Amino acid sequence: MTPVANAAAPVDRRAPEQSGAPIDCVLFDLDGVVYHGPEPISGAVEGINFLHDQSIPVSYVTNNATRTAEVVADHISTLGISTTTAEVTTSAQVLAGKLAAKFGTGALIYLVGTTGLATALESEGLRVTRTLDDGPVAIAQGLDPEISYQRIVAACEAITAGIEWWATNPDYSMVGPKSRVPGNGAFIDMLSKLTGAQPTVVGKPSPHMMEFAAHRCGAQRPLMVGDRLDTDIEGGNSAGFETALVLTGVHDIHDALHANSELRPTYILPSLRSLPRLIAGSAQPASDATPGPAACQIVDGELRVDESAQDSVSTVESALRLAWEAMDRGEDVAPGNLPRRIHD
């Protein structure tokens with residue numbers, strides 16, 4: 001599979017001395033990539049189990065701070081993908097690690113959140129309080145679906161008083177059973193507008209989470225796989241990792257076409273079923289990679305893709321590369337007949 005190029009960032013995101021080294025760790029977002037609710041996404045089980053068979057470490061990186069790593073690992077295991085707690089990285093774990101490193105064991109943290117965040121903080125030797133009268137050194141904020149008006153007021157007062165404000169993730173909304181519902185980012189936005197302050201956020205698209213997970217795997221050339229350009233792909237890119245947009249969730253090929261350089265993926269995956277092909281191709285040095293077929297061109301400002309090759313990953317990647325190069329020169333490019341999604 002040919003890496004997707006763009007003018008603002010090099011095709012090969014690896015350091016020169018790593019060029020040609022195989023991908024040695026794969027980081028996954030969860031919802032829209034591995035599963036939709038309780039059900040696995042088609043191709044996910046076989047794609048990830050291929051990595052297990054090849055002894056390539058995996059890590060699941062989730063902004064969800066309400067569930068513990070143990071609960072997440074159990075969920076993934078029920079899908080037919082054997083998963084250990086150590087293979088799960090939550091934004092709560094990353095936040096707890098940052099706070100412990102800064103304030104030390106035993107530091108008192110004011111909790112705005114639920115069990116997942118409380119457990120992560122206590123696992124790092126931090127003490128948790130829900131009252132400002134105890135004199136906490138920082139606020140740790142994650143989503144709390146049962147937050148009260150009084151606790152929102154208390155958080156405003158603490159932030160205004162100058163207590164350090166940290167947050168797990170910036171996700172503004174989530175998909176509820178009947179509509180989109182507020183995520184942690186909605187509460188961050190509200191508190192920020194009320195106080196004029198901004199928290200330190202550790203979850204995607206911040207690179208903190210990617211770096212934490214890759215370090216746990218001892219990876220030299222990690223790959224981040226996600227379905228959202230503005231969290232998964234931007235986060236992986238900001239950490240200097242290669243990234244793959246998988247077309248089983250939120251964003252599609254047209255979204256990638258219009259993305260700015262920080263959000264452009266290195267690869268396109270129809271589903272995780274395509275992982276074996278990507279991994280096999282990743283061992284090639286960038287200079288030896290075989291380019292996709294010359295089956296795309298820009299005609300009167302529109303991308304035109306040969307109809308016989310519209311389901312070809314290499315053709316779609318070539319089309320994106322062609323469009324990005326033109327857009328970076330200041331040209332407008334419409335998707336034309338570029339497909340939104342392709343199949344394995």
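Colleague: Where is Ser 55 found?

Modeller: Please bear in mind that this is a predicted model. Ser 55 is found in the loop between α1 and β4. Its phi is positive, about 60°, although Ser 55 is not a glycine. With a relative accessibility of 65%, Ser 55 counts as exposed, because the threshold for that class is over 50%.

Colleague: Which other residue has a positive phi although it is not a glycine?

Modeller: Asp 300 has a positive phi of about 50°. Asp 300 is placed in the loop between β16 (296-299) and β17 (302-305), and it is exposed, with a relative accessible area of 79%.

Colleague: Which peptide bond is cis?

Modeller: The bond from Lys 204 to Pro 205 is cis, and its omega is near 15°. Pro 205 lies in the loop between β12 (200-201) and α7 (207-217).

Colleague: How should I read the faces of a helix?

Modeller: An α-helix has 3.6 residues a turn, so residues three or four places apart point the same way. Helix α2 (residues 69-78) is a case to examine. Its buried residues are Ala 69, Val 72, Ala 73, His 75 and Ile 76. Seen down the axis of α2, these buried residues fall within an arc of 160°, so they line one face of the helix.

Colleague: What do the buried residues of α2 pack against, and which exposed residues does the face turned away from them carry?

Modeller: The buried residues pack against β2 (35-36), β4, β5 (88-90) and α3 (91-103). The face turned away from the buried side carries the exposed residues Asp 74 and Thr 78. After α2 comes Gly 80, with a positive phi near 105°.

Colleague: Which residues of helix α10 are buried?

Modeller: In α10 (residues 275-282), the buried residues are Leu 275, Leu 278, Ile 279, Gly 281 and Ser 282. They cover an arc of only 165° around the axis, which puts them on the same side of α10. Their packing partners are β1 (25-28), α1 (44-53), β13 (222-226), β14 (242-246) and β15 (267-269).

Colleague: How many aromatic pairs does the structure hold?

Modeller: The structure holds 1 aromatic pair. The ring centres of Phe 28 and Tyr 60 are 5.8 Å apart and the ring planes are at 25°, so the pair is stacked; the cut-off for stacking is under 30 degrees. The pair links distant parts of the chain, with Phe 28 in strand β1 and Tyr 60 in strand β4 (residues 58-62), 32 residues apart. Phe 28 is buried, at a relative accessible area of 0%, and Tyr 60 is buried with a relative accessible area of 0%.

Colleague: Finally, how does one find empty space in a model?

Modeller: Rolling a probe the size of a water molecule over the atoms shows where empty space is left. A search of the whole structure finds 2 cavities of 30 Å³ or more. The second largest cavity holds about 60 Å³ of space.

Colleague: Which helix gives the most to the lining of the second largest cavity?

Modeller: Helix α6 (residues 184-195) gives the most, with 4 residues. The lining includes Val 112, Asp 144, Asn 184, Phe 187, Met 190 and Leu 191.

Technical notes:
Residues are numbered from 1 along each chain as its sequence is written. This is a predicted model: local features need pLDDT of at least 70, side-chain atom pairs count only at pLDDT 80 or more; totals for chains, interfaces and linings use all residues. Side-chain values use heavy atoms; hydrogens and water are left out. Buried means under 20% relative accessible area, exposed over 50%, partly exposed in between (1.4 Å probe, protein chains only). Helices (H or I, at least four residues) and strands (E, at least two) are DSSP runs, numbered from the N terminus. The arc is that of the directions from the helix axis to the C-beta atoms. Contact means heavy atoms within 4.5 Å. On a 1 Å grid over the protein atoms alone, a cavity is a set of points where a 1.4 Å probe fits but cannot get out, and a pocket is an open set with protein on both sides within 12 Å along at least five of seven lines; lining residues have an atom within 4 Å of a point. Grid points are joined across faces, edges and corners, and a volume is the space filled by probe spheres set on the points. Rings of Phe, Tyr and Trp (its six-membered ring) pair if their centres lie within 6.5 Å; planes under 30 degrees apart count as stacked, over 60 as edge-to-face and the rest as tilted.
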